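Welcome! Take a moment to look over the sequence and turn the model around, and then we will walk through it together.

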Amino acid sequence: MSHAILDLLNQVMSAPWLYLALFALALLDGFFPIVPAETSVIIAGVFAASTGEPNLWLVIVVAALGAFTGDHISYFIGSKAGRRLQGKKAYTWAQQALAERGGLLLVVARYIPGGRTAATLTMGGVRYPRRSFAFFDAIATSSWAVYSALIGFFGGMAFENDPLKGLLLGLGIAVSITAVVEIVRWVRKRRSQGSHRVLVTAAQSAEGDS
């Protein structure tokens, strides 16, 4: 079974249409987060290290361009449907994060499951300046493409003679990093809520004393 999977992946990774497929997946992932764009880039990175195909740098470029284009489509959708998105949990989270971090939200949200779509839709919905959006999105999509491809590449180097193990290692690292980001975000949120409660209690106590 594993040999059949590897044979199929080898054929796909050496196909001339692979780069177009990576571009399309990264583009769709901008507004349809179910698409496995990151996994596809990681797989491409694994085979770039194990077999020399596809070209690692070309994978990074097409993935970044596809993600950049997809994010701008999501921004456009948000600008047309801003009112209908208001009140939704992800939209509210993105609004709060945008107020705190500004354009850096795009860079942070790129590594949060579902966060990238919420961020781009929200920025379109609030009419965030397009030039600033494009600037920060270029940083976000480029760093994401490099990160995803290199995770796969180093996984492939670690198991040069066994791409399947390299693929599992690369995916494991990606999932672990995502989990750490989510845990840190959750802890920070809990601390922020705790600090807010302390301040409210202190204010109420001060009012009672007066």
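## A hidden valine

With a relative accessibility of 0%, valine 59 counts as buried. This is a predicted model, so keep that in mind as you read. Valine 59 belongs to helix α4. Setting aside neighbours within four places in sequence, valine 59 contacts Tyr19, Leu22, Val41, Ala44, Pro54 and Ala149.

One of those partners deserves a second look. Alanine 149 is 90 residues from valine 59 along the chain, yet their C-alpha atoms are separated by 7.3 Å.

## The whole chain

Now let us step back. How many helices and how many strands are there in the chain? The chain has 9 helices and 0 strands, and in sequence order its pattern reads α-α-α-α-α-α-α-α-α.

The chain has 210 residues, and 41% of them count as buried. Take the contacts between residues at least 6 apart in sequence: 77% of them join residues at least 24 apart. The accessible surface of the chain is about 11,800 Å², with 65% of that belonging to carbon and sulfur atoms.

## Rings that meet

Next come the aromatic side chains. The count comes to 4 aromatic pairs. One of them is formed by tyrosine 75 and phenylalanine 133, a tilted pair with 4.6 Å from centre to centre and 45° between the planes. Tyrosine 75 lies in helix α4 (residues 56–85) and phenylalanine 133 in helix α8 (residues 130–158), so this pair ties together parts that are 58 residues apart in sequence.

Phenylalanine 135 and phenylalanine 136 form an edge-to-face pair, with 5.2 Å between centres and 80° between planes. Phenylalanine 136 has a relative accessible area of 19%, and because buried means under 20%, phenylalanine 136 counts as buried. A ring can also meet a charge: the charged end of arginine 110 sits over the ring of tryptophan 144, 5.0 Å from the ring's centre.

Helix α3 has 14 residues and reaches 20 Å from its first C-alpha to its last, close to the 20 Å expected at 1.5 Å a residue. α3 is mostly covered, with 13 of its 14 residues buried.

Helix α7 is mostly covered as well: 11 of its 11 residues are buried. Among them are Gly115, Arg116, Thr117 and Met123.

Most residues other than glycine have a negative phi, and most peptide bonds are trans. With that in mind, look at the loops.

Arginine 127 is not a glycine, yet its phi is positive, about 60°. Arginine 127 is in the loop between α7 (115–125) and α8. At 54% relative accessibility, arginine 127 counts as exposed.

## What the record lists

The unreviewed UniProt entry lists residues 12–35, 55–78, 133–155 and 167–187 under "transmembrane region". How do two of these spans look in the model? Residues 12–35 are 58% helix and 0% strand, with end C-alpha atoms 17 Å apart. Residues 55–78 are 96% helix and 0% strand, and their end C-alpha atoms lie 34 Å apart.

## A phenylalanine in α2

To finish, find phenylalanine 23 in helix α2 (residues 18–29). Phenylalanine 23 counts as partly exposed, at 27% relative accessibility. Which residues does phenylalanine 23 touch, not counting those up to four places away in sequence? The residues are Val62, Leu65, Gly66 and Thr69. The C-alpha atoms of phenylalanine 23 and isoleucine 60 are separated by 9.8 Å, with the two residues 37 apart along the chain.

Methods:
Residues numbered from 1 in each chain as written. Predicted model: local features only at pLDDT ≥ 70, side-chain atom pairs only at ≥ 80, totals over all residues. Heavy atoms only, no water. Phe/Tyr/Trp six-rings, centres within 6.5 Å; stacked < 30°, edge-to-face > 60°. Helix = DSSP H or I, 4+ residues; strand = E, 2+ residues; numbered from the N terminus. Buried < 20%, exposed > 50% of the residue type's maximum accessible area, 1.4 Å probe, protein only. Lys NZ or Arg CZ within 6 Å of the ring centre and 35° of its normal. Contact = heavy atoms within 4.5 Å. Areas by Shrake-Rupley, 256 points an atom, 1.4 Å probe, with all protein chains shown as cover. Expected span 1.5 Å × (residues − 1). UniProt positions renumbered as here; feature names shortened; annotations may be inferred.
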